[in-house]
Amino acid sequence: MQQNMMGHNIIITEPSSNLRALGRNSLAGKWKVAVLAYIIYIVCTEFPPAVFNSFFGLNIGEMYNNMYGYGAGSMSADMYSQIYNSTPSYSLLSAVYLLIVSGPFTLGVTIFFLALFRKQNAGVIDIFLGFERFGKALGLMLFQGLFIVLWSLIGVAVMVLGIVISAFTIIGGMVVIIIGCIVAAVFGTIATLKYSQAVYILADNPDKGIRECVDESKIMMKGNKAKLFWLQLSFIGWILLASIPTGILSGVAEAMQMTGIALIIINVIAALFMAPVGAYTYSSVTGFYEILAGHLIKETEPAPINTDVFAANEQLVQTSEPSDHIPEIVEDNNEKEN
C-alpha cells in the first residue's frame with residue numbers, strides 16, 4: 001500500500017485501481033454471501049418504503065389539487081394528469097421508516113463488510129447487528145445529516161438570492177439559482193466525504209461517542225476526500241452496466257402500465273441488479289478505511305543482499321585487531337578522567 005503521513009493522519013496515494021483490487025481480493029470466494037447480504041440490505045431499506053409510497057403516497061399533482069383544486073387560474077386537468085403520471089408518490093410513513101432504520105442498517109452492513117474484509121466469519125445476519133446499537137446508529141445518522149444540510153445551506157442561500165433576482169431579471173435569476181444548486185451539491189458532497197468514516201469508526205469502537213466518531217472521521221479524511229470521491233466515481237462504468245437491465249424492466253413495467261404490488265416487485269428486482277456492484281463498492285471503500293485506520297501498513301520487499309560487500313566486510317572483520325586492546329583504551333580513558 002502506498003501511503004504518506006501528514007500530521008496525525010495517513011494520506012492515501014494508492015490509485016483507485018489498486019483500491020478496487022483490494023475490494024475484489026476481500027470478496028474472493030465470498031461473492032455469494034456478500035451479494036446476498038447486500039440484497040437483504042436493499043430489500044429491507046427499499047421494499048417497505050416502496051409499499052408505503054404505493055398505497056399511502058401522494059405526488060405533487062395530488063397535493064396541488066388538494067390545496068387549490070381545479071378551476072380558473074389553477075392547474076388544468078391535462079397538466080394535472082401529466083404531472084401525476086411523471087412524478088413519483090411519497091408517503092410520510094416511508095420517510096419515518098427510513099429515518100428509523102437507515103442508521104442501524106448502515107452500521108450493520110458496515111460491520112458485515114469489515115468482518116468480510118478481515119477474513120472473519122461474516123454472515124448475512126450481521127447486517128442486523130446495527131440494531132444492537134440503535135441509539136448511536138440513529139444519532140450518528142442524524143448528526144451527520146444535520147451537518148451535511150448546514151454545509152449545503154450555503155448553496156441554498158445563493159438559490160434564495162437567485163429567486164430574489166428573478167423578480168427583476170428572469171435570466172439572471174435562473175443563472176444564480178443554477179449556481180446555488182451547484183454550490184449546494186459541492187459543499188454537501190464535501191461534507192458527506194468528510195464524515196464518511198464515522199460509521200466505520202463506530203463499528204470498530206462501540207464505546208466511542210457520536211461526536212468523537214465524527215471528529216476522528218474529519219481528521220482521517222484530511223487530504224483524502226478527493227481520493228475517496230474518485231474511488232467511488234470509478235465504479236460509474238459498472239453502475240451504468242447494471243442499469244441496463246434495470247432500465248429494461250422499468251420500461252416493461254411502464255409499457256404494461258403496472259401498478260401496486262406488481263410495480264413494486266419489478267422495481268425491487270431491477271434494483272437487485274445493482275447488488276454485485278454495491279457489494280464491490282462497499283468492499284473497496286472498506287479497504288480504504290482499513291488503510292486510513294492504519295490496519296493495512298505499507299509492505300516493502302527486503303533489500304537484496306550484495307554478496308561483494310558482504311565478503312569485503314567479512315574479510316575486514318578477520319583482519320581487524322583482537323578485542324583485547326579494548327580494555328587498554330578504557331584504562332587510558334579512565335586515567336585521563338582521573
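This is a predicted model: local features need pLDDT of at least 70, side-chain atom pairs count only at pLDDT 80 or more; totals for chains, interfaces and linings use all residues.

Which side chains meet Arg211 or Asp215 in a salt bridge? Select both residues and you have the pair: the side chains of Arg211 and Asp215 meet each other, 3.3 Å from N to O. A salt bridge here is a side-chain nitrogen of Lys or Arg within 4 Å of a carboxyl oxygen of Asp or Glu. As a general point, side chains of opposite charge can pair when their charged atoms come close.

Residues are numbered from 1 along each chain as its sequence is written, and side-chain values use heavy atoms, with hydrogens and water left out.

**Stop 1: helix H9**

Stay with that pair. Because Arg211 and Asp215 sit four residues apart in helix H9, about one helical turn separates them. (Helices are DSSP runs of H or I with at least four residues, strands are runs of E with at least two, and both are numbered from the N terminus.) Arg211 has 47% relative accessibility and counts as partly exposed; Asp215, with 28%, is partly exposed too. The cut-offs are under 20% relative accessible area for buried, over 50% for exposed, and partly exposed in between, using a 1.4 Å probe and protein chains only.

Now select residues 210-220, the whole of H9, and pick out its buried residues: Cys213, Val214, Ser217 and Met220. They cover an arc of only 125° around the axis, so they lie on the same side of H9. That arc is taken from the directions from the helix axis to the C-beta atoms. What do the buried residues of H9 pack against? Show strand E2 (9-12) and helices H6 (134-166), H7 (170-194), H8 (198-204) and H13 (275-292), and you have their partners.

**Stop 2: Arg118 and its partners**

Next, select Arg118, which at 28% relative accessibility is partly exposed. Arg118 forms a salt bridge with Asp204, whose closest N and O atoms are 2.7 Å apart. This pair links distant parts of the chain, since Arg118 is in the loop between H5 and H6 and Asp204 is in helix H8, 86 residues apart. Asp204 is partly exposed at 25%.

Is Glu290 buried or exposed? Buried, with 4% relative accessibility.

**Stop 3: Ser94**

Move to Ser94, in helix H5 (residues 92-117). Ser94 counts as buried at 5% relative accessibility. Show Asn53 as well: the side chains of Ser94 and Asn53 make a polar contact at 2.8 Å. Leaving aside neighbours within four places in sequence, Ser94 is in contact (heavy atoms within 4.5 Å) with Pro49, Phe52 and Asn53. A polar contact is a pair of N or O atoms within 3.5 Å; within protein, one must be able to donate a hydrogen and the other to accept it, and residues adjacent in sequence count only if both atoms are side-chain atoms.

**Last stop: zoom out**

Finally, show everything. The protein chain has 15 helices and two strands. Of its 338 residues, 34% count as buried. A search of the whole structure finds five salt bridges.
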